[in-house]
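I opened this model to look up a few residues and then the whole chain. My notes follow in the order I took them.

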Amino acid sequence: LQALEDHYSPSRWSPRLDRDTIIDAHLAVMAAGTERARDSVQTVLHVPYGNGDGEKLDIYFPTDPSETFPVLVYIHGGYWQCLSKDESGFAAPPLVSQGVAVVAVGYDIAPKGHMDAMVLQVRRSLVFLVQRYPRVRGIYLCGHSAGAHLAAMMLSTDWTEFQVVPDIKGAVLVSGVYDLEPILHTYVNDALNMSREVAQRNSPMRHVTPAVPAACEVLVAVAQHDSPEFRRQSQEYSQALRAAGWSVSLLDLAGVDHFDIIEKLSEDSYVLTQV
């Protein structure tokens, strides 16, 4: 069990910084990057997509918005129990300069939020975007860590109950968790309090749907210095999608860990930014 705890503790696997400082450094980098974005980009912040306190999103508009523009929807990580949309705008500057809007989605983290509710909130945020911004030309999802899990859950959504089908054209899933069952036995579940049933119901790995003709492209990215469990989960989920007919690329990024794999999205020249 201790081995499992280690494998689901991303801060133990970075060669850059020790586990006590890397989380703080990560928060600082993302907060600073978001502040830079808010200073330089046209934004509308704290837009409510529902009635709950946590149900808000931030929109970073393209520098030169044409009549229609694509949107990258960023879903933050933090093991479903920390971080927020307020540190999640760091990836906006390179994208808005290319005519892409960036939306950072807030959701109720644990212990206030539970897993079913978080998944539903992110689904509702996409429905809201489609209804509120008819000029949006395609939605691209990007999630990091727990956010990659939530983004992956969007791919197995039956949108009929929402009366709106978001035009999801791509999903970039970065250092994610796609099977929640191993987490039941770790410290991560202390705040989440998931039962086995909840974990199974919300595991993208268990709900891979056959690709429809309009299915989006999926990019599964994992860091060289992610833990072996995170690397295994990325490989197995991308294989499961491919087997179901999805168009999937697995990008194994050298020289990065669980944290800077996403932090570097603030850089124009970074391979993931370019992709």
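**Entry 1: Pro 70**

I started at Pro 70, which sits in strand β3, residues 69-75. Strands here are DSSP runs of E with at least two residues, helices are runs of H or I with at least four, and both are numbered from the N terminus. This is a predicted model: local features need pLDDT of at least 70, side-chain atom pairs count only at pLDDT 80 or more, and totals for chains, interfaces and linings use all residues. Residues are numbered from 1 along each chain as its sequence is written, and side-chain values use heavy atoms, with hydrogens and water left out.

Is Pro 70 buried or exposed? Pro 70 is buried, because its relative accessible area is 12%. Buried means under 20% relative accessible area, exposed means over 50%, and partly exposed lies in between (1.4 Å probe, protein chains only).

I then listed what Pro 70 touches, not counting residues up to four places away in sequence. The list is Gly 99, Val 100, Ala 101, Arg 137, Gly 138 and Tyr 140. Contact means heavy atoms within 4.5 Å. I also checked Lys 169: it is 99 residues from Pro 70 in sequence, yet the C-alpha atoms are 9.4 Å apart.

How many residues of helix α5 (residues 146-155) are buried? I found 10 of its 10. Among them are His 149, Met 153 and Met 154.

Next I looked at Asn 189, in helix α6, residues 188-192. Asn 189 counts as buried because its relative accessibility is 10%. Leaving aside neighbours within four places in sequence, Asn 189 is in contact with Ile 183, Leu 184 and Met 194.

**Entry 2: the UniProt span**

I checked the record. An unreviewed UniProt entry lists residues 57-158 as "domain: BD-FAE-like". UniProt positions are in the numbering used here, feature names are shortened, and annotations may be inferred rather than shown by experiment. In the model, this span is 32% helix and 25% strand, and its end C-alpha atoms lie 23 Å apart.

**Entry 3: the whole chain**

I counted 10 helices and eight strands in the chain. The radius of gyration is 17 Å, close to the 19 Å that the globule rule gives for 275 residues, so the chain is as compact as a globular protein of that length. The radius is taken over C-alpha atoms, and the rule is 2.2 Å times the number of residues to the power 0.38.

Of the 275 residues, 54% count as buried. Among contacts between residues at least 6 apart in sequence, 76% join residues at least 24 apart.
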